[in-house]
Amino acid sequence: MKGSMMDSPLNLQAILERIPKIYPAVEIVSRLPNGSLHRYTYLDFYRRAKALAEALHRAGLQPGDRVGTLCWNHYAHLEAYFGVPAAGGVVHTLNLRLHAQELAYIVNHAQDRFLIVDDVLLPLFEQFRDKVNPERVFIVRHQNEMLPPGTEDYEDLLLTARGGYEFPCSQENDAAAMCFTSGTTGNSKGVLYSHRALVLHALAFSLPDSFCVSQHDVAMALAPMFHANAHGLPHVAIMLGCKLVLPGRQLDPQSILDLFSSEQVTIATAVPTVWAGILESLEKDPGRWNLAPAFRGFVGGTAVPEALVRKLDQHGLRLIQVWGMTETTPVAVCSTLKSHMREWSEDEQYRMRVRQGRALPFMEVRVVNDHGEAPWDGATLGELHVRGPWVASSYFNAPGTEDRWTADGWLRTGDIATIDAEGYVQIADRSKDLIKSGGEWISSVDLENALVGHPAVREAGVIAVPHPKWDERPVAVVVLRSGATATSEELRGFLSSRFAKWQLPDAFVFLDELPHTSTGKLSKLELRKRFANWQWEKAKLS
Ligand code: ADP
């Protein structure tokens with residue numbers, strides 16, 4: 001028997017249509033490339049997103065056509081986030097930190113029909129322009145410079161809208177957005193997000209036990225809008241009507257803190273390295289910024305060190321860890337505490353907060369190893385599998401990748417994890433990063449997080465290096481804080497209170513900087529390449 005409810009699709013058009021009626025006057029603030037702030041209201045945003053949808057429709061956009069964006073986080077990118085899907089198209093965010101060659105591959109693979117490009121990113125675009133073939137290219141002009149031949153002004157595109165346009169009603173399983181994985185562990189693959197996935201993700205993200213977002217919040221989309229939906233925050237903010245702050249390309253810690261303070265931001269999402277930079281600025285200049293009370297920072301992308309969580313707490317900035325992937329829209333689990341954990345000691349609470357967390361409603365998790373599904377005992381390791389309404393079920397046009405999914409529909413994440421009796425997932429490593437020493441596994445993540453707890457250490461990476469006797473042994477690569485000193489013996493001693501002797505790195509290498517991926521994560525791939533010719537004999541002598 002069927003229920004007697006209406007069959008209204010969950011789509012982004014429904015989110016947009018709330019704006020003129022319910023929160024037209026709320027502000028959207030964007031930092032422009034010249035550092036000035038652009039401000040307009042939700043109603044302005046609604047009208048322009050609608051004009052974009054109409055203009056694209058007039059330009060011949062067909063349902064499912066891809067529109068690529070090569071943009072920083074700002075109002076025009078937001079208009080594309082909503083205007084393109086509301087016209088029935090698919091907004092395809094391009095990662096501006098990728099190499100021109102890879103961008104050309106991605107634009108061609110996705111068959112982007114139109115492109116929207118920031119004028120400040122034209123030098124990057126020019127590097128691959130002759131290798132791609134979009135029908136039209138629209139430039140968001142922040143500066144008053146001449147447009148390159150063959151491109152058009154984004155504002156002129158909006159002017160072709162005549163009004164009176166009604167959004168088509170997308171079916172909830174229609175594609176709305178697209179993002180390619182950033183290729184940390186292999187070739188980039190495209191993920192298509194449905195309207196339904198984006199809406200359900202936004203709802204689950206906002207729940208009190210997730211991130212407890214309300215219209216009262218001031219949200220800052222600090223994670224790039226070109227990667228994994230900026231952790232979902234733009235959709236959450238627009239659905240709820242929160243004041244939204246978009247930081248543009250000025251992403252140094254001081255500029256971020258200036259915006260936190262001047263706009264009284266209450267929630268923001270970023271990877272741990274960004275939060276670590278923010279902490280360093282707060283420590284250097286305490287009292288300079290006036291953060292909003294009850295500030296929550298969402299942190300994901302790589303494991304968050306406990307020391308970072310503890311220290312930011314002292315500055316009134318509470319981090320909540322999330323785990324997710326491009327393939328999971330991206331948030332699948334989060335580390336908020338359950339009611340009974342509030343009675344626990346401070347140390348026990350931190351121990352839970354640095355776990356990746358429990359599954360959001362409708363998201364299923366399990367850990368699988370050679371013996372089958374692992375018990376939820378917090379100790380048995382295996383590969384993390386996830387399943388749910390905002391988990392991708394395939395990659396776009398990528399034959400041969402079907403084995404990422406099990407026959408019963410679980411995504412094999414490639415992460416090695418445990419799940420404890422409370423249902424909290426803890427990631428030990430990516431499968432490729434685990435260190436196999438004499439038949440035992442060593443977690444590089446645990447060692448890295450412990451190392452950054454040392455006052456002299458700014459960043460640390462631990463990689464496996466082939467070893468004649470033990471298969472592999474850990475080597476730690478460390479960046480010290482400016483002006484600080486520490487020796488290998490000191491760091492080894494520091495770790496030895498928490499790790500067994502066989503787990504300790506055999507060597508420490510000090511560098512000025514570590515390699516990062518296009519999304520700001522430590523690039524283990526690059527580190528491994530750099531140390532591919534490691535010689536233990538030499539290391540012992542140095
Ligand atoms: P890429 O795979 O190219 O880095 P993604 O952003 O999709 O791009 O990365 C997803 C991966 O990031 C996960 O599979 C996991 O390895 C890692 N990750 C994400 N969040 C966390 C977290 N909170 N703790 C540890 N690892 C994380």
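These legends walk you through several close-up views of a predicted model. Residues are numbered from 1 along each chain as its sequence is written, and side-chain values use heavy atoms, with hydrogens and water left out. Local features need pLDDT of at least 70 and side-chain atom pairs count only at pLDDT 80 or more, while totals for chains, interfaces and linings use all residues.

**View 1. Phenylalanine 211 and phenylalanine 298 form a tilted ring pair.**
The structure holds 15 aromatic pairs, and here is one of them. Rings of Phe, Tyr and Trp (its six-membered ring) pair if their centres lie within 6.5 Å; planes under 30 degrees apart count as stacked, over 60 as edge-to-face and the rest as tilted. In this pair the centres are 4.1 Å apart and the planes stand at 45 degrees. Phenylalanine 211 belongs to the loop between α8 (195–206) and β10 (218–220), and phenylalanine 298 to strand β13 (residues 295–299), so the pair ties together parts that are 87 residues apart in sequence. Helices (H or I, at least four residues) and strands (E, at least two) are DSSP runs, numbered from the N terminus. Phenylalanine 211 has a relative accessible area of 1% and is buried; phenylalanine 298, at 2%, is buried as well. Buried means under 20% relative accessible area, exposed over 50%, and partly exposed in between (1.4 Å probe, protein chains only).

**View 2. Tyrosine 395 pairs edge-to-face with tryptophan 405.**
The ring centres are 5.1 Å apart, with the planes at 65 degrees. Tyrosine 395 and tryptophan 405 are ten residues apart, in the loop between β19 (382–387) and β20 (411–419). Both tyrosine 395 and tryptophan 405 are buried. Look also for lysine 189, which lies over the face of tyrosine 395 at 5.3 Å from the ring centre. A charge sits over a ring if NZ of Lys or CZ of Arg is within 6 Å of the ring centre and within 35 degrees of the ring normal.

**View 3. Tyr46, Tyr165 and Phe167 make up one aromatic cluster.**
Over the ring of phenylalanine 167 you can find the charged end of lysine 50, 5.1 Å from the ring's centre.

**View 4. Helix α14 (residues 444–451) crosses helix α15 (residues 488–496).**
Two packed helices are described by the angle between their axes and the distance between the axes. Here the axes come within 10 Å and cross at roughly 110 degrees. Axes are lines fitted to C-alpha atoms, for helices over the stretch in contact, and angles run from 0 to 180 degrees between N-to-C directions. The angle makes α14 roughly perpendicular to α15; angles under 35 degrees count as roughly parallel, over 145 as roughly antiparallel, 65 to 115 as roughly perpendicular and the rest as oblique. Leu447, Ala450 and Leu451 of α14 meet Leu491, Phe494 and Leu495 of α15. Contact means heavy atoms within 4.5 Å.

**View 5. Helix α10 (residues 253–263) meets helix α11 (residues 272–284).**
The two axes come within 9 Å and cross at roughly 80 degrees, and α10 and α11 are therefore roughly perpendicular to each other. Among the residues making the contact are Ile256, Leu257 and Phe260 of α10, and Trp275, Ile278 and Leu282 of α11.

**View 6. Histidine 92 lies in strand β4 (residues 90–93).**
Histidine 92 is buried, with a relative accessible area of 0%. Leaving aside neighbours within four places in sequence, histidine 92 has contacts including Arg66, Asp112, Met178 and Phe180.
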